[in-house]
Amino acid sequence: HLAIGGHPSFRESSVGGKVPLGLRRRALRVLVTGGAGFVGSHLVDRLVERGDSVIVVDNFFTGRKGNVAHHLRNPRFEVIRHDVVEPILLEVDQIYHLACPASPVHYKYNPIKTIKTNVVGTLNMLGLAKRIGARFLLTSTSEVYGDPLQHPQVETYWGNVNPIGVRSCYDEGKRTAETLTMDYHRGANLEVRIARIFNTYGPRMCIDDGRVVSNFVAQALRKEPLTVYGDGKQTRSFQYVSDLVEGLMKLMEGDHIGPFNLGNPGEFTMLELAKVVQDTIDPEARIEFRPNTADDPHKRKPDISRAKELLGWEPKVPLHEGLPLMVTDFRKRIFGDQEESTE
Ligand code: NAD
Ligand code: UDP
Ligand code: UDP
């Protein structure tokens with residue numbers, strides 16, 4: 001559905017991807033729900049940069065106006081304070097549906113709200129997409145695999161999820177959102193895409209969102225001990241945000257529904273992550289062990305063969321390169337502009 005012609009030439013974009021120049025492509029109207037959040041705001045940057053008209057719908061639960069403030073003077077950009085749990089009427093060509101708190105601390109804060117956002121919010125955005133014939137992309141999560149019994153996780157694995165646990169509002173919520181998305185595809189002929197996102201980090205993450213990378217970075221900068229939960233031997237795979245945004249856009253523009261794992265297969269124990277943070281910020285940073293949270297998945301690592309093959313996508317930024325970019329942003333936000341001159 002894209003009108004493309006001419007000979008493309010490329011330049012680097014601010015977040016590292018290639019932006020085709022000279023492609024004669026009809027500017028699209030794109031809705032990004034949750035577009036004032038961490039991932040959403042980076043996606044908005046890329047969409048605006050390629051010339052699309054972008055509408056952000058966000059209730060500012062975990063998002064901030066500051067994340068998109070640099071677009072407010074652009075006539076092709078608009079932000080609407082709105083909760084996706086309520087219906088909304090808009091006219092767009094594509095919907096990137098991101099609205100949902102992502103950090104365990106945030107999504108456990110009001111679990112009923114979290115599951116409403118995932119179920120009713122996703123239903124509303126699918127209803128909207130159906131009415132206007134827009135293509136719909138759901139940002140699901142690696143948490144649909146629960147505490148996985150298969151390693152690494154492939155998309156065909158159905159997961160090992162506790163339906164009544166404290167994480168269920170999020171992981172069962174996202175599983176239901178995937179179900180709704182496929183039912184609208186099969187039942188209403190909607191064009192849909194599903195991304196299963198693995199742990200992602202980068203500039204603009206909430207400083208105190210409780211996720212491990214933001215915690216360790218903020219703690220090291222503030223000269224506080226790094227809090228390792230449990231024995232620190234559990235693993236995660238950390239993806240830099242520009243890689244994720246590239247994957248989401250390739251998925252939206254491509255011909256495949258998914259679900260696709262979008263993550264960086266580099267796997268680290270929490271103790272190894274603490275070491276990378278020490279090496280990057282402060283070799284003297286101490287480690288303090290704390291009890292782990294309930295239902296914490298023991299290991300997580302994406303198998304990204306499907307995305308490599310069908311989307312031609314794989315992450316490019318390793319942890320030791322991405323982490324310093326996030327540290328620069330956190331340093332500015334924690335200490336203000338005065339310390340910035342030391343960068
Ligand atoms: P985030 O919390 O920074 O962003 C979520 C945004 O959605 C925020 O701006 C928030 O205000 C908004 N929002 C929440 N509930 C809403 C509601 N009911 N109505 C309107 N807006 C609402 O999180 P993020 O890391 O940017 O995550 C974006 C998406 O990616 C989420 O759907 C999340 O589940 C998914 N995801 C993220 C990760 C990750 O590691 N960051 C991993 C897996 C999945
Ligand atoms: N919806 C919306 N905007 C629209 C169209 C629908 O928010 O432009 C909401 C609508 O309020 C409903 C949900 O999406 O709650 C599902 O819509 P659908 O038409 O699929 O179902 P129905 O309204 O028939 O239950
Ligand atoms: N974790 C930790 N210290 C912290 C925060 C988290 O050791 O300060 C651990 C947590 O127990 C989990 C892993 O880091 O095993 C990833 O947690 P996060 O909340 O970042 O994301 P999750 O993958 O659990 O959604």
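The dialogue below goes from the overall fold to the ligands and then to the backbone.

Mentor: Ground rules come before features. This is a predicted model: local features need pLDDT of at least 70, side-chain atom pairs count only at pLDDT 80 or more, and totals for chains, interfaces and linings use all residues. Residues are numbered from 1 along each chain as its sequence is written, while chains are lettered from A and ligands numbered from 1 in the order in which they are written.

Trainee: How many helices and strands are there in the protein?

Mentor: Helices (H or I, at least four residues) and strands (E, at least two) are DSSP runs, numbered from the N terminus. The protein has 10 helices and 15 strands.

Trainee: What radius of gyration does the protein have, and what would a compact globule have?

Mentor: The radius is taken over C-alpha atoms, and the globule rule is 2.2 Å times the number of residues to the power 0.38. For 343 residues the rule gives a value near 20 Å, and the protein has 20 Å, so the two agree. The C-alpha trace spans about 55 × 50 × 40 Å along its principal axes.

Trainee: Which share of contacts joins residues at least 24 apart?

Mentor: Two residues are in contact if their C-beta atoms, placed from the backbone, lie within 7 Å. Among contacts between residues at least 6 apart in sequence, that share is 77%.

Trainee: What share of the residues count as buried, and which residues touch the most other members of the largest nonpolar core?

Mentor: Burial is a neighbour count. A residue is buried if 20 or more other C-beta atoms lie within 10 Å of its own, exposed if 12 or fewer, and partly exposed in between; C-beta atoms are placed from the backbone. Of the 343 residues, 45% count as buried. A nonpolar core is a set of buried Ala, Val, Leu, Ile, Met, Phe, Trp, Tyr and Cys residues joined through C-beta atoms within 7 Å. The largest one holds 76 residues, and I95, V217 and L248 touch the most other members. Helix α5 (residues 212–221) gives the most to this core, with 7 residues. Beyond its neighbours within four places in sequence, V217 is in contact with V277, I281, M326, V327 and F330.

Trainee: Now the ligands. How many residues surround ligand 1, and which are the closest?

Mentor: A residue is near a molecule if its C-beta atom, placed from the backbone, lies within 6 Å of it. Ligand 1 is surrounded by 29 residues, and the closest are G34, G37, V39, T62 and G63. The elements that give two or more residues are α1 (38–49), α3 (111–132) and β7 (135–141). The largest share, 3 residues, comes from α1. The shell around ligand 1 divides into 13 nonpolar, 14 polar and 2 charged residues.

Trainee: Which residues surround ligand 2?

Mentor: They are P87, I88, L89, L123, N124, G127, L128, K130 and R131. This shell has 5 nonpolar, 2 polar and 2 charged residues.

Trainee: Which element gives the most to the shell around ligand 3?

Mentor: That is β10, with 3 residues. In total, 14 residues surround ligand 3, and R211, V212, N215, T227 and Y229 are the closest. β10 runs parallel to β15 (residues 287–290), joined by 4 bridges. T227 stands opposite E288 in β15.

Trainee: Last, the backbone. Which peptide bonds are cis, and which residues have a positive phi?

Mentor: Most residues other than glycine have a negative phi, and most peptide bonds are trans. Here a cis bond joins H151 and P152, with omega about -10°. P152 lies in the loop between β7 and α4 (168–188). The bond from G258 to P259 is also cis, with omega near 5°. K223 has a positive phi of about 60° and sits in the loop between α5 and β10. K223 counts as exposed because it has 11 C-beta neighbours inside 10 Å. D295 has a positive phi near 60°, and with 15 such neighbours inside 10 Å D295 counts as partly exposed.

How values were computed: Nonpolar A, V, L, I, M, F, W, Y, C, P; charged D, E, K, R; others polar. Pairing = 2+ DSSP bridges.
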